[in-house]
Amino acid sequence: MSETAMPQGAHPTVTGDRGTRLWQPVLFRSMATLLFGIITVFFGAPDTIGLCLNFGWYFLVLGLSHYWFVRRLALHRRDSRRLALLGAAAVLAVAGVVIFIAISAVLAAWLGAAALVLMGAAELFAALTSPRTQLRSDWLISGVIGVGTGLLLPFFINAGPHALLGVTGGGALMTGALWLLSALTLRHDARTPKGK
């Protein structure tokens, strides 16, 4: 994470003042993700309603945080990374609303799995097509964790809501810690004068 977030070559990521404000949506994402992960650790015996309410708010907030983050990246409107990340954010938000309304553990597992895999794949795509950005390694790790969590989720449907929350919460704790470190690094880099 030692590279700058300023445009370099053919792969611009952040321009001007937006680069100094990128840490804010990253911090928001990390806090929401860590909160969800902590809730899953201490939620003793969740039922289907508890599962769906927690999945619902988590996916909705995660989708909104991704939207805010992509807006701050200042990518061109037709940039494929922007389209992939915004599309995945929209799927996360819609999945959150549908899970919140439907109150079904099976639907929550399958829809949550699809949303997490799609978001992870979008982050992997953004990382692989952005070789000169400070966020590349974070996107790679977060993408792998998201895809892995999403692929595991359907295998725990029969284990019940507690297992579904546990699997998703484990992934959330790992990505939350990752994005918290990234946010602090971005904030530090934004406050450090270029000459130092």
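With neighbours within four places in sequence left aside, which residues is Ala 115 in contact with? They are Val 91, Leu 92 and Ala 95, where contact means heavy atoms within 4.5 Å.

## Basis of the model

This is a predicted model, in which local features need pLDDT of at least 70 and side-chain atom pairs count only at pLDDT 80 or more, while totals for chains, interfaces and linings use all residues. Residues are numbered from 1 along each chain as its sequence is written, and side-chain values use heavy atoms, with hydrogens and water left out.

## Overall make-up

The protein chain has seven helices and zero strands. Its elements, read from the N terminus, run α-α-α-α-α-α-α. Helices (H or I, at least four residues) and strands (E, at least two) are DSSP runs, numbered from the N terminus.

Of the chain's 196 residues, 47% count as buried. Buried means under 20% relative accessible area, exposed means over 50%, and partly exposed lies in between (1.4 Å probe, protein chains only). Among contacts in the protein chain with a separation of 6 or more, 76% come from residues 24 or more positions apart.

Helix H3 covers residues 48–73, 26 residues in total. From first C-alpha to last it reaches 37 Å, close to the 38 Å expected at 1.5 Å a residue; the expected span is 1.5 Å times one less than the number of residues. Ala 74 follows H3 and has a positive phi, near 60 degrees.

Two packed helices are described by the angle between their axes and the distance between the axes. Axes are lines fitted to C-alpha atoms, for helices over the stretch in contact, and angles run from 0 to 180 degrees between N-to-C directions. The axes of helix H2 (residues 23–42) and H3 come within 8 Å and cross at roughly 165 degrees, which makes H2 roughly antiparallel to H3. Angles under 35 degrees count as roughly parallel, over 145 as roughly antiparallel, 65 to 115 as roughly perpendicular and the rest as oblique. The contact includes Phe 28, Leu 35 and Phe 36 of H2, and Phe 55, Trp 57 and Trp 68 of H3. By class, the contact of H2 with H3 has 14 nonpolar, five polar and two charged residues. Ala, Val, Leu, Ile, Met, Phe, Trp, Tyr, Cys and Pro count as nonpolar, Asp, Glu, Lys and Arg as charged, and the others, Gly among them, as polar.

## Helices H3 and H5

H3 and H5 pack at an angle of about 20 degrees, with their axes 10 Å apart. H3 is therefore roughly parallel to H5. On the H3 side the contact is made by Thr 48, Leu 51, Cys 52, Phe 55, Phe 59 and His 66, and on the H5 side by Ala 105, Ala 108, Gly 112, Leu 116, Met 119 and Glu 123. Eight of these residues are nonpolar, three polar and one charged.

Ala 115 is placed in helix H5 and counts as buried because its relative accessibility is 0%. Ala 115 and Phe 59 are 56 residues apart in sequence, but their C-alpha atoms are 8.3 Å apart in space.

## Helices H5 and H6

Helix H5 (residues 105–128) and helix H6 (residues 136–152) have axes that come within 7 Å and cross at roughly 155 degrees. That makes H5 roughly antiparallel to H6. The contact of H5 with H6 has 13 nonpolar, six polar and two charged residues. Residues that meet there include Leu 116, Gly 120 and Leu 124 in H5, and Trp 139, Gly 143 and Val 147 in H6.

Ala 126 also has its place in H5; at 0% relative accessibility, Ala 126 counts as buried. Leaving aside neighbours within four places in sequence, Ala 126 is in contact with Arg 81, Leu 85 and Trp 139. The C-alpha atoms of Ala 126 and Arg 136, ten residues apart along the chain, are separated by 7.6 Å.

H6 has 17 residues and reaches 24 Å from its first C-alpha to its last, close to the 24 Å expected. Its buried residues include Asp 138, Trp 139, Ile 145 and Thr 149. What covers the buried residues of H6 includes H2, H3, helix H4 (80–102), H5 and helix H7 (161–191).

## The loop between H4 and H5

Ile 103 lies in the loop between H4 and H5. Although Ile 103 is not a glycine, its phi is positive, about 50 degrees. Ile 103 counts as partly exposed because its relative accessibility is 32%.
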